[in-house]
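Please look at helix packing and charged pairs in the structure below. Follow the text with the model open.

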Amino acid sequence: MSITRPPTRVGASRWALPDPRLADADGVVGVGADLAPSTLVEAYSHGVFPWPHDDMPLPWFSPDPRALIPADAIHISRSLRRRLRTSGWTTTVDADFCSVVDRCSDRPGQGTWITDEMRSAYRRLHELGWAHSLEVWAEDVLVGGVYGVQVGGVFTGESMFHGEADASKAALVDLCARLLSAGGEWLDVQLTTPHLTSLGAVELPRARFLDVLDQLRDRSVPLSTDRLPVVRLA
């Protein structure tokens, strides 16, 4: 079995990130800093993530409550099970990180927070073994995917896309299966949406999430990168 390699140590951040427990009512921890690998690793290791907004310095968030999907309890509806059984899809990890990020940012008419600077920053994190993608394939065509940052037993999903119906759901289900198999416990989806709630997302108080992250951040959880049939999830 092929697995993701251990993340490369990046050293201390040149920025002193504020305590996420002191975030404001909107979950904003602070603004500014940069997207250097050391800054991003420090932030995700403490439950903080960047979310660019137009016409203001880069804001950093730690929302309260925090939305997560338990890796062992993701909900697969009957219709999704049928879709997985008949789709013919396969999945991989880290087979085409750049394409997944690009597809996630390609939202004509909707705008995107995945700026060129963000794409470059997460590609660098990927090269260092901190950021990963999960791809859903219809033969050799990329039809869905998700990418994010893994800190030990917690995977923080940053964005996902689908080119065919239910392909992004398949990506999340598959990611949870790989995470659980490797010894991980939580897929952090940051904020709830009806789509994520339908998959079993729950809300934890920020303080509880930070305690969980503290317990799991140093766990070794290498994900399988093997190409696998999505039907196994049904």
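Asp174 and Arg178 sit four residues apart in helix α5 (residues 167-182), about one turn of the helix. Helices (H or I, at least four residues) and strands (E, at least two) are DSSP runs, numbered from the N terminus. An α-helix has 3.6 residues a turn, so residues three or four places apart point the same way. Asp174 and Arg178 form a salt bridge, with the closest N and O atoms 2.6 Å apart. A salt bridge here is a side-chain nitrogen of Lys or Arg within 4 Å of a carboxyl oxygen of Asp or Glu. Both Asp174 and Arg178 are buried, meaning under 20% relative accessible area; exposed is over 50%, and partly exposed lies in between (1.4 Å probe, protein chains only).

This is a predicted model: local features need pLDDT of at least 70, side-chain atom pairs count only at pLDDT 80 or more, and totals for chains, interfaces and linings use all residues. Residues are numbered from 1 along each chain as its sequence is written, and side-chain values use heavy atoms, without hydrogens and water.

Now take other charged pairs. Lys169 bridges to Asp166, with the closest N and O atoms 3.9 Å apart. Lys169 is partly exposed at 22% relative accessibility, and Asp166 is partly exposed at 25%. Arg217 pairs with Asp214 at 2.7 Å between the closest N and O atoms. Asp214 is partly exposed, at 47% relative accessibility. Shared partners link Asp102, Asp116, Arg119 and Arg123 into one salt-bridge network. The count comes to 15 salt bridges.

Turn to helix α3 (residues 97-105). Its buried residues are Phe97, Val100, Val101, Cys104 and Ser105. Seen down the axis, they fall within an arc of 130 degrees, so they line one face of α3. The arc is taken from the directions from the helix axis to the C-beta atoms. These buried residues pack against α4 (116-127), β6 (131-138), β7 (141-151) and β8 (154-162), where contact means heavy atoms within 4.5 Å.
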